[in-house]
Amino acid sequence: MSDFVKQASSFTSENKLTWLDAFQSRNEDEWNTVAFPHRKTEHWKYTSLRGLEQGDVYKTVPSLVESSNAETLIAKSHIEGLDSFDVVFVNGRFNEALSSPMATLPSGMTLTRLAAASVDEQKALAGLLGSVAKGPQHIFSTLNACQLNDGVVIQVDKNTKIEKAVRILNVTLGQDEGATISPRVYVSLEEGAEATVVEHFATDSAEQKIFVNSITELEVGANARLRHYRLHLEHESALHIGGVHANLGKTSTLESFHLALGGKLKRIDCVVNHLGEGAHCEMNGLYLPRHKQHIDYHTVIEHAVPHCTTDEVFRGIIGDSAKAVFNGRIHIHRDAQKTFAQLSNKNLLTSNKAEIDTKPELEIYADDVLCAHGATVSQLDDGAMHYLMTRGVSEKEARMMLSFGFINELINKIRDEPIADFLRPQLAELFSRESDLGELQP
């Protein structure tokens with residue numbers, strides 16, 4: 001057993017949920033027998049966990065934060081024009097004063113906080129957690145379950161279309177001592193339901209000594225449609241390991257968008273299970289590490305039944321001495337005939353010291369499918385640079401324009417325009433900074 005596994009095992013949350021004892025005990029047993037990943041572990045060979053192991057993240061539980069200390073960051077994180085019901089957590093603790101009043105919750109939707117669930121709600125929810133995110137290969141999902149002390153369960157009734165988005169804002173504020181938080185989100189859409197869920201992670205400008213281990217479970221029922229966003233707009237010193245796990249029912253649709261700025265260590269696992277015929281998954285993602293940041297996206301799409309479709313596109317711009325990892329796998333099971341699936345990963349290196357390890361995979365056991373995958377790694381086009389500079393555009397501006405254009409196609413695909421409008425100026429500012437993503441360095 002590694003030192004980190006022992007350290008995590010000895011850490012007990014102050015507010016452990018007694019009604020989840022059986023669930024947490026089961027995961028604690030699994031965690032204590034886990035083989036902790038190292039460089040020879042296939043799915044971790046390009047990502048070192050040394051920064052996590054040396055971070056002393058189990059020193060304390062994050063302290064309570066006054067609302068006023070978080071208001072500035074929350075105001076900066078406001079998405080203008082987005083009609084949303086906001087659920088705000090500050091350093092892992094629910095903040096009622098900064099969240100939307102429960103009276104404004106859309107009709108046909110139920111939202112339950114795990115730490116505030118009634119006895120009847122506890123009985124109904126006990127079997128949901130861990131029903132989507134499971135499997136010994138996702139050990140940080142197991143760790144999240146061990147240390148779970150709060151979270152959100154969102155349920156949408158049959159044939160109900162929710163016009164208002166639900167935004168879960170996780171704010172972390174730098175503190176003097178290392179700490180860990182384990183956010184948990186479970187979303188269930190019944191047959192014919194439609195909803196939009198935005199997960200938004202934000203930090204202040206202080207050094208982040210908090211380890212965030214976040215898990216999201218999505219259950220999309222037959223003929224239901226879920227639009228899911230996961231926005232990682234955190235400080236570059238952040239430690240974040242997360243997972244998004246989804247089950248898709250018959251003729252259901254999942255539209256998923258991921259954005260991640262860099263961090264000291266950032267690893268996100270995305271797993272989508274096509275369990276009903278005719279299900280469709282559209283997954284788009286952007287990652288933008290710089291300086292000495294590290295980002296790792298691992299995606300797995302399981303096609304277990306016939307007539308399902310997947311369209312997955314991830315793009316990355318890696319600058320300075322940053323490193324990115326992308327491993328996308330589409331698994332076509334033996335019975336998944338008439339599958340259409342495609343995977344694309346394109347990367348732009350803006351520094352000779354930047355690194356990308358990309359590995360798109362197709363594993364096919366059915367014989368009547370249409371599948372494609374590919375990956376590219378390149379630098380900015382000299383011809384395009386010359387064209388812009390001969391028309392009065394400075395070299396820096398030209399690099400910024402071409403870099404932003406590389407990812408703008410996916411920003412334009414965002415169907416909720418307020419979210420796209422919120423992201424564009426932030427990304428433009430990122431590209432315009434000195435010695436940032438738009439600057440080619442020797």
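A residue is called buried here when its relative accessible area is under 20%. By that criterion, the buried residues of helix 6 in this predicted model are I139, F140, S141, T142, L143, N144, A145 and C146. Eight of the eight residues of helix 6 are thus buried, so the helix is largely enclosed by the rest of the structure. The cover over these residues comes from several elements, including helix 1 (3-10), helix 2 (21-31) and helix 3 (50-53). Strands contribute to this cover too, among them strand 7 (184-189), strand 9 and strand 11.

Strand 11, one of the elements covering helix 6, spans residues 239-248 and is itself mostly covered, with 10 of its 10 residues buried. In a regular strand, side chains alternate between the two faces of the sheet. In strand 11, L239, I241, G243, H245 and N247 point one way, while H240, G242, V244, A246 and L248 point the other way, and all are buried. Strand 11 has a parallel pairing with strand 9 (residues 210-220) over 10 bridges, and within this pairing T216 lies opposite V244 of strand 11. A further 10 bridges connect strand 11 to strand 13 (residues 265-274), again in the parallel sense; here L248 faces H274 of strand 13.

Helix 6 and strands 11 and 13 come together again around a pocket. The second largest pocket has a volume of about 520 Å³. Its lining is made up of 30 residues, of which H43, Q137, H138, D269 and V271 are the closest to the centre of the pocket. Two or more lining residues are given by each of helix 6 (139-146), strand 11, strand 13, strand 15 (294-303) and strand 17 (323-332).

Strand 12 (residues 253-261) runs parallel to strand 14, joined to it by nine bridges, and the bridge partner of L254 in strand 14 is C281. Towards strand 16, strand 14 (residues 280-288) is likewise parallel, with eight bridges. Y287 stands opposite G316 of strand 16, and M283 stands opposite E312 of that strand. Eight of the nine residues of strand 14 are buried, so this strand is largely enclosed by the rest of the structure.

E312 deserves a look of its own. Its place is in strand 16 (residues 309-318).

Notes. Residues numbered from 1 in each chain as written. Predicted model: local features only at pLDDT ≥ 70, side-chain atom pairs only at ≥ 80, totals over all residues. Heavy atoms only, no water. Helix = DSSP H or I, 4+ residues; strand = E, 2+ residues; numbered from the N terminus. Buried < 20%, exposed > 50% of the residue type's maximum accessible area, 1.4 Å probe, protein only. Pairing = 2+ DSSP bridges. 1 Å grid on protein atoms, 1.4 Å probe; cavity = no way out; pocket = protein on both sides within 12 Å on 5 of 7 lines; lining within 4 Å. Points joined across faces, edges and corners; volume = space filled by probe spheres on them. Contact = heavy atoms within 4.5 Å.
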